[in-house]
Amino acid sequence: MRKTLTARLTRCVLVLGLLLTAAGCGGGSGPDRVTIMIPWSGDEFQAFYSVLTAFEKKTGIQVDVQVTRALTQQLDAAVTAGAPPDLAMLPSVGAVHGYAERGNGKERRLQPLDVPTDAYLEPFRGLATVRGEVYAVPVKVDVKSLAWFAKPATGRSAPPDLGTPGTWCLGLESGPTSGWPGADWIADILLARSGADFYTKWLTGGEKWSSPQLDEAWTTWRALMGSGVRGATVRNFGEAAAGMTTTPPRCSLAHGALSAMGFDKGHDHDFVTSSPTRRLEVSADFVGMFTDDNPGAEAFIAFLAGTSAQQLWVDQEAGAAFSADSHVTRYATSVQQRIARMLRPHSGYTLCFGAADAMTPDVSAAFYRAVLDYASAATRDPGRFLADLDQVQQTLGSSPVPRDKLCAGPD
């Protein structure tokens, strides 16, 4: 049942009070606690923890972090059992829309949020809105359609030849989400070659996986990887990208977002866009709220949505984060500044949300599995894998995200 206006105003007063009572909280003792489930480790966790610590110092509210690499499975189990965390970093925008539609039985669906989002850039702002209400906040964003290479010791960086097979640092192993690097690459090729219109029709069920355009994207990816595809299904993504830094280098190019790279964040490496068509895959980590009786959780999500916390997150060099908040404009390195400009309005780029992240988690998992099977198959014909994915989509449905929300820009 929707909260009454009185209840909403009362809640807002409580949240505001929690954000302003740092001086009188007595070091955070007492009943004020928030639980949040996240998938991050390493540098990404450290960047998030710096933001979390600032919130705890400001409010005295204690945040208990639940870290899991199998976030989809753990969150589904907790929601189904009626014992979700207060907050969770949602694994995909497909999950945002899926959880916002739930609410039957013992499942506790996402709660609508009373946070301003007018300052957020598209497509991120619209993706977090369901039926006219905000259900999640994009706490950090990134650009996936980047090809990375080592800067030369002297002279200007020369754009690499992206069409050369066998020079890519390819690793598909990534724990419960193994296969995602190939899925991102394939979707990137599809977006570049077939355009945003076809891309969004495919994601929302208007085009089949077994279409000629998808077949071409899969075979192009496999040919581009060349000999690098051998052993890729068991090669960790981060370890593969680090192959550019070995002596001698094991590979010369890596594909993906800056935050996913294991090398120094933009100091010793440079990038070009992997698409010549100015169409880019983008991604975001969204935080949503699963309980409606914890003002501390509302205070934390309001804090995370604010410009100060967004800038603090961006300032953490280890995390290499970007913000969808249009008021966040300070980035440390020239590489980060160039990526951030791609996300701005009037950049000339079409920004489309990553395909796998727009799907429901179960369809994404099938996509990843098919990539692994195709990479290890003797044949370069993806036909049977695409036919299987048609069956999966017929059974589980297409992306729950409205087609007009998936892309933003001039395409």
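The structure is a predicted model, and the values below were computed from its atoms. The sheet is open and has three strands in the order E8-E7-E9, paired in antiparallel fashion, while a search of the whole structure finds 13 salt bridges.

**The sheet and the helix on it**

- Strands of a sheet pair through backbone hydrogen bonds, and this pairing can be either parallel or antiparallel.
- In the sheet with the order E8-E7-E9, the pairing is antiparallel, and the edge strands, each of which pairs on one side only, are strand E8 (254–255) and strand E9 (269–273).
- Strand E7, which covers residues 146–150, runs antiparallel to E8 and is joined to E8 by two bridges; Ala-147 has His-255 in E8 as its bridge partner.
- Helix H11, made of residues 334–342, packs on this sheet and touches both E7 and E9, and the direction of the helix makes about 20° with that of E9.

- The side chains of Glu-101 and Arg-131 meet in a salt bridge, with a distance of 3.0 Å from N to O.
- Because Glu-101 lies in helix H4 (residues 93–101) and Arg-131 in the loop between strand E4 (129–130) and strand E5 (133–134), the pair ties together parts that are 30 residues apart in sequence.
- Glu-101 has a relative accessibility of 52%, and it therefore counts as exposed, since the exposed class begins over 50%.

**A salt bridge between two strands**

- Lys-140 and Asp-285 form a salt bridge in which the closest N and O atoms are 3.1 Å apart.
- Lys-140 belongs to strand E6 (residues 137–143) and Asp-285 to strand E10 (residues 279–289), so this pair ties together parts that are 145 residues apart in sequence.
- Lys-140 counts as buried at 5% relative accessibility, and Asp-285 counts as buried at 18%, because buried means under 20%.

- Since Glu-216 lies in helix H7 (residues 212–225) and Arg-193 in helix H6 (residues 180–203), the pair ties together parts that are 23 residues apart in sequence.
- Glu-216 counts as partly exposed at 36% relative accessibility, whereas Arg-193, at 51%, counts as exposed.
- Salt bridges that share partners also join Glu-44, Lys-140 and Asp-285 into one network.

Methods. Residues are numbered from 1 along each chain as its sequence is written. This is a predicted model: local features need pLDDT of at least 70, side-chain atom pairs count only at pLDDT 80 or more; totals for chains, interfaces and linings use all residues. Side-chain values use heavy atoms; hydrogens and water are left out. Two strands pair if DSSP finds at least two bridges between them. Helices (H or I, at least four residues) and strands (E, at least two) are DSSP runs, numbered from the N terminus. Contact means heavy atoms within 4.5 Å. Axes are lines fitted to C-alpha atoms, for helices over the stretch in contact, and angles run from 0 to 180 degrees between N-to-C directions. A salt bridge is a side-chain nitrogen of Lys or Arg within 4 Å of a carboxyl oxygen of Asp or Glu. Buried means under 20% relative accessible area, exposed over 50%, partly exposed in between (1.4 Å probe, protein chains only).
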